[in-house]
Amino acid sequence: MEAVLRAEDIHVTYPNGVRANVGVTLEVRGGEVLGLLGENGAGKTTLVKVLSGLLRPDKGRIIYMGREVVFNTPRDALRLGIILAPQTPRLFPGLTVAEDVGLTMRLAGRGMGLQEVRRRLREISREYGLGVDPDARVWRLSMGERQRVNLAKIIMLDARVALLDEPTTHLTPMERRSLVQVMRRMASEGRAVVFITHRIGEALEACDRIAVMRKGRLVGVVERGEASREQLLRMMFGDYTPSKPSRRSGGPGAGRVLELVEVWVRGPHGTWAVRGASMSVEEGCVVGVAGVAGNGQRELFETVVGLRRPVRGRVLLMGVDVTRAPPLARRRMGMAVIPEERLGWGLVPGRSIVFNIAFAHAWLDGGFMVDWQSYRRLAEEIVSAMKVKARSVEDPVDSLSGGNMQRLLLGRELLRGARLVAAMNPTAGLDARTAEAVDSMLVEAASRGAGVLVFSEDLDELMTISDKIYVMSRGRLHGPFMRPFDYKAVAAAMTAG
Amino acid sequence: MNPAAIMLTGLSEATPLLLAALGEMIVERSGRVNLGVEGMMAVGAAAAAYAGVYTGSLAASLAFGALAACLLALVYVVAVVILGLDQIVVGLILVFMGKGLADIIGSWAGGAPGTPLTPIPGLGIDLVETASLALPPILWLILYHSWLGVELRAVGEDEEEAAARGINVRLVRGLAVLVGAALAGIGGAYVADAFHYGRWFSGVTEGLGWIAIADVILGYWHPLGVLAACYLTGLLFAVKPLLPVLGVPAELVDAAPYLAVLAAQVVATVICRRLGLTPPASVWWGELTG
Amino acid sequence: MKASAALALLAGLVGIVVVAAMTPAGPAGLFSALATVYTRPDLLATAVLYAGPIAASAVGLAVAYRAGFLTIGSEGQVLLGALASMWVIGYSGLRLPPVLAVASALLLALVAGLLLGLVVGVLRAWLGVNETLSSLMLNYIVLAYANYLIAGPWRVGAFTETKSIPPSCSLAWPVVLACLLAMAVVLEVLVRRTRLGLAVEALGAAPRAAETYSLPSRRLYLYVSALQGATAGVGGALMLMGFQRVLTAMSVSPGYGYMGILVAWMALLSPLASLLASYFFSTLIVAGYILQSYRVPFNTVLVIQSIIVLAVLAYVMIGRRSRRP
């Protein structure tokens with residue numbers, strides 16, 4: 001098979017000094033599914049951004065069908081049939097599917113009427129079994145459905161090269177399997193499909209060749225038949241092998257830290273996001289909530305934290321009814337919060353590390369004046385205890401890397417002795433080492449007696465650290481599933497209605 | 001006054017509001033708020049009066065009103081769309097700038113009568129009123145049934161993604177601001193030409209720009225909704241002269257439209273919250289919980 | 001980038017010259033008027049008086065804007081404060097000795113402004129009503145109410161105007177300055193050193209984080225709106241007793257509260273810096289009065305002030321951006 005697209009000696013260094021791509025040379029062939037494997041932060045996304053014209057490399061060449069090309073905008077790549085589907089499908093929430101797809105078609109220089117777009121979408125949806133409704137408003141779609149809209153778009157644009165960045169992140173196990181089928185089918189039509197993933201199993205299942213990246217460099221490319229799990233693991237991590245944090249024995253204690261009783265919560269568009277959820281978190285226990293994004297986890301998390309009021313149902317903290325209590329009252333009872341977005345929700349952007357420690361304590365500590373000295377000391381303690389890499393506690397938090405932000409956040413929330421820890425996707429976007437550290441800190445908090453509630457899309461992670469798991473699907477909670485977990489049963493619950 | 005006359009007066013009073021509000025709706029659909037409507041209307045009125053006095057042409061009067069407002073809006077385009085300054089602050093600055101510039105330009109006209117805009121004989125409404133009534137359906141067609149409208153809404157919903165897909169966000173937004181300004185300017189010109197015989201005086205458009213902004217929200221960012229909201233507020237202005245008959249002091253009557261709009265705004269906000277509605281242009285209400 | 005930041009200031013200067021050229025006085029007239037103000041001690045003292053309502057509005061607005069509470073209600077609050085003072089001095093029937101009259105006028109103005117500010121705060125905190133628009137509507141409602149009082153119950157004589165406050169109740173410039181300094185210092189300390197100030201900063205920069213991590217957002221909006229209204233209300237008292245003395249029917253409100261908004265942003269939301277910026281603006285006002293004799297519309301001052309604020313904001317913005325890696 002011949003090379004459709006070739007990246008030659010690509011170098012990318014980000015303004016903050018991170019060398020995301022160091023001399024990467026990679027060939028993408030027509031009619032194959034090429035796996036791009038590596039842990040978070042290995043440079044996979046950077047590479048496909050370069051290939052799709054979203055990012056100009058500092059150095060290096062892109063060869064398309066034997067000719068060197070320069071992409072000034074994504075549009076240039078789009079016109080050649082090179083299309084990137086980002087990790088989290090980003091569609092315009094207020095548009096219909098057909099309008100959204102039509103917009104891309106127009107910008108790709110293949111403008112057509114709305115009726116034509118709808119007709120073609122229906123055709124493709126039927127042919128590939130994508131189940132896409134052209135007239136649906138985007139905000140009504142689940143992440144999986146949005147992912148399928150993106151696939152439809154790629155097919156409709158007749159892509160020569162489809163770059164799929166971690167397309168399985170927001171998919172249920174069932175949806176993952178059908179995605180693999182769609183990818184294989186696309187390859188069989190002569191297209192080149194680049195499948196980015198950090199999961200070795202998926203790569204082995206779907207790909208003809210697997211390219212492995214580590215720390216911005218291409219470590220090697222292995223053919224389907226020759227690749228073994230151990231070899232790929234070594235290539236991904238080098239001599240470092242991630243060990244999952246071990247669960248101490250013990251498990252659920254007596255006292256219930258958190259209890260939800262038949263909670264109904266509305267989402268942003270007035271529809272029900274959480275439908276009658278009941279659950280409990282016990283002392284010394286890690287409780288996982290699995291499920292694909294967009295099934296009501298965010299709303300449920302906000303209800304637990306106190307940012308959203310349930311329309312019906314009760315929330316009990318340490319046995320006390322806090323359904324109508326604001327976060328302030330819940331924090332007084334010992335609630336720690338690790339939200340999904342570090343900057344803007346967990347931390348205040350543009351402010352110093354000290355400020356970010358102080359603002360979360362000030363109202364609880366009381367007093368009229370702020371004792372900046374003591375907060376500075378506290379900040380220094382947290383920074384050194386959590387091994388946060390920062391020059392000074394007076395530096396703005398924005399200057400920290402994602403991993404260091406999460407360490408700082410965890411330090412602030414856990415070091416004061418929490419009784420309930422509510423965390424949402426706490427390891428998302430972190431490299432394996434930091435993710436492991438974060439997970440073990442959460443487990444440690446539980447072994448000190450806290451109840452830990454973790455929402456995550458990563459089922460493997462939850463199965464490692466949790467004592468019990470609930471599965472969230474279309475606003476309902478299924479379970480609990482107890483240790484030892486039955487993977488198939490949990491996975492099946494994710495697709496339940 | 002009989003009810004039919006009040007309805008007709010209401011339509012006339014609604015016209016400047018409708019023009020300005022539809023313009024602002026376009027801007028907000030592109031993902032920005034321009035609080036400077038009040039200033040753009042003021043400048044529009046002053047420039048229209050000046051042009052009317054010196055050219056004697058109604059068309060020139062309206063065109064100058066639009067042009068002057070566009071020139072003022074260029075400040076917003078440069079500061080907000082290009083440089084990225086805070087849209088609220090710059091919008092407010094535009095208000096003050098516009099009011100001041102209106103006083104300067106208006107003083108050139110010297111308070112002389114310019115080019116009055118009179119109803120078309122037999123129809124009871126004038127040319128601009130007729131045109132402004134045709135505008136909401138046209139805008140509806142553009143917004144929901146043309147790719148230009150889809151692009152505009154896309155920019156308003158998620159500018160980063162729009163840029164990633166190759167839409168020139170600054171261009172779309174800059175044009176939206178200028179079109180919005182032109183409409184506000186014509187709205188201001190209409191006030192001078194239709195209500196005051198083309199004569200200008202300081203504060204002639206006072207408060208209208210703000211009500212127009214409120215009408216955009218009350219009309220829920222939809223051309224036909226904005227039409228309804230503006231007509232209802234126009235009616236309020238039309239019945240104002242009747243209130244003193246009921247024993248309300250004449251000076252307090254001036255507060256009536258503002259009180260009504262404030263009340264409507266409160267009710268609309270509460271209803272939106274209850275229903276959990278997120279505005280189509282997510283520029284006013286951030287994702288605040290409560 | 002240093003050059004393009006300086007370009008913003010240069011553009012501002014060009015803008016001012018162009019605007020001045022549009023008036024009968026011309027740029028030369030404008031600058032000579034300013035030179036006159038800055039060389040005559042009596043005019044410099046007068047400028048302190050005019051700075052009163054502007055600075056009083058600005059110091060409170062600076063705090064409110066820090067909290068992300070974008071009210072523009074200072075205009076109505078200044079007017080209501082002036083009405084409250086006028087009532088105490090002229091219409092309450094209390095025959096207070098001057099010092100007591102002035103003190104109670106200040107106090108009642110403060111309370112009036114505070115309550116009006118609180119209306120906006122309550123609407124925002126409990127019902128989520130956008131504060132920019134609601135406060136604006138209130139400005140016009142207060143204006144109508146003021147006109148009603150002036151033309152109706154409070155009217156004296158042939159013209160639509162109120163009584164004039166007695167000279168014993170006029171404030172000299174040092175008194176105004178002392179009032180302003182006191183407010184600015186208190187608020188500056190509040191912003192930098194107190195728990196409330198810390199909370200206000202967090203609320204403005206990241207409302208979601210503030211609420212999640214135990215800051216009582218609703219209560220904070222109430223505090224901030226009350227505080228902002230109170231200072232603007234005091235501004236109304238300073239306006240009345242500093243230079244206004246008599247209230248007459250008006251088609252548009254006096255505008256000092258609106259200038260406070262410009263000042264707060266120009267001072268980059270620092271209460272103390274607002275004091276200086278207000279004084280600068282106030283010298284422009286005095287220059288504007290001089291220029292009125294050349295038939296220059298008074299609101300030309302407003303245009304020049306707007307241009308200055310815009311240029312300063314652009315300068316700061318470009319400077320900040322170029323410092324980023």
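Chains are lettered from A and ligands numbered from 1 in the order in which they are written, and residues are numbered from 1 along each chain as its sequence is written. Because this is a predicted model, local features need pLDDT of at least 70 and side-chain atom pairs count only at pLDDT 80 or more, while totals for chains, interfaces and linings use all residues; side-chain values use heavy atoms, with hydrogens and water left out.

Let's start with chain A. Its secondary structure comes to 16 helices and 20 strands; these are DSSP runs, H or I of at least four residues for helices and E of at least two for strands, numbered from the N terminus. The C-alpha atoms fill a box of roughly 70 × 45 × 45 Å along the principal axes.

How much of chain A is buried? The share is 58% of its 497 residues, where buried means under 20% relative accessible area, exposed over 50%, and partly exposed in between, with a 1.4 Å probe and protein chains only. As for contacts, meaning heavy atoms within 4.5 Å, take those in chain A between residues at least 6 apart in sequence: 67% join residues at least 24 apart.

Now to the cores. In soluble globular proteins, nonpolar side chains tend to be buried together. A nonpolar core here is a set of buried Ala, Val, Leu, Ile, Met, Phe, Trp, Tyr and Cys residues joined through side-chain atoms within 4.5 Å. The largest one has 371 residues, and A:Leu408, A:Val421 and B:Trp210 touch the most other members. Helix α3 of chain C, residues 41–66, gives this core its largest share, 15 residues. If you want to zoom in on A:Leu408, its contacts beyond four places in sequence include A:Leu347, A:Ile382 and A:Val397. There is also a second, separate core of 28 residues, with A:Val4, A:Val12, A:Ala192 and A:Ala211 among them.

Next, some backbone details. Most residues other than glycine have a negative phi, and most peptide bonds are trans. Where does chain A have a cis peptide bond? One joins A:Gly479 and A:Pro480, with omega about 5°, and A:Pro480 is in strand β20, residues 476–482. Another joins A:Arg483 and A:Pro484, with omega about -10°; A:Pro484 sits in the loop between β20 and α16 (487–494).

A:Arg474 is not a glycine, yet its phi is positive, about 45°. You'll find A:Arg474 in the loop between β19 (468–473) and β20, and it is exposed, with a relative accessible area of 56%. C:Leu269 also has a positive phi, near 65°, in the loop between α11 (256–266) and α12 (271–292) of chain C. C:Leu269, though, is buried, at 11% relative accessible area.

Last stop, chain B. B:Thr115 is in the loop between α4 (87–109) and α5 (127–145), and it is buried, with a relative accessible area of 6%. Beyond four places in sequence, B:Thr115 is in contact with residues including B:Gly52, B:Ser61, B:Asp193 and B:Tyr197.
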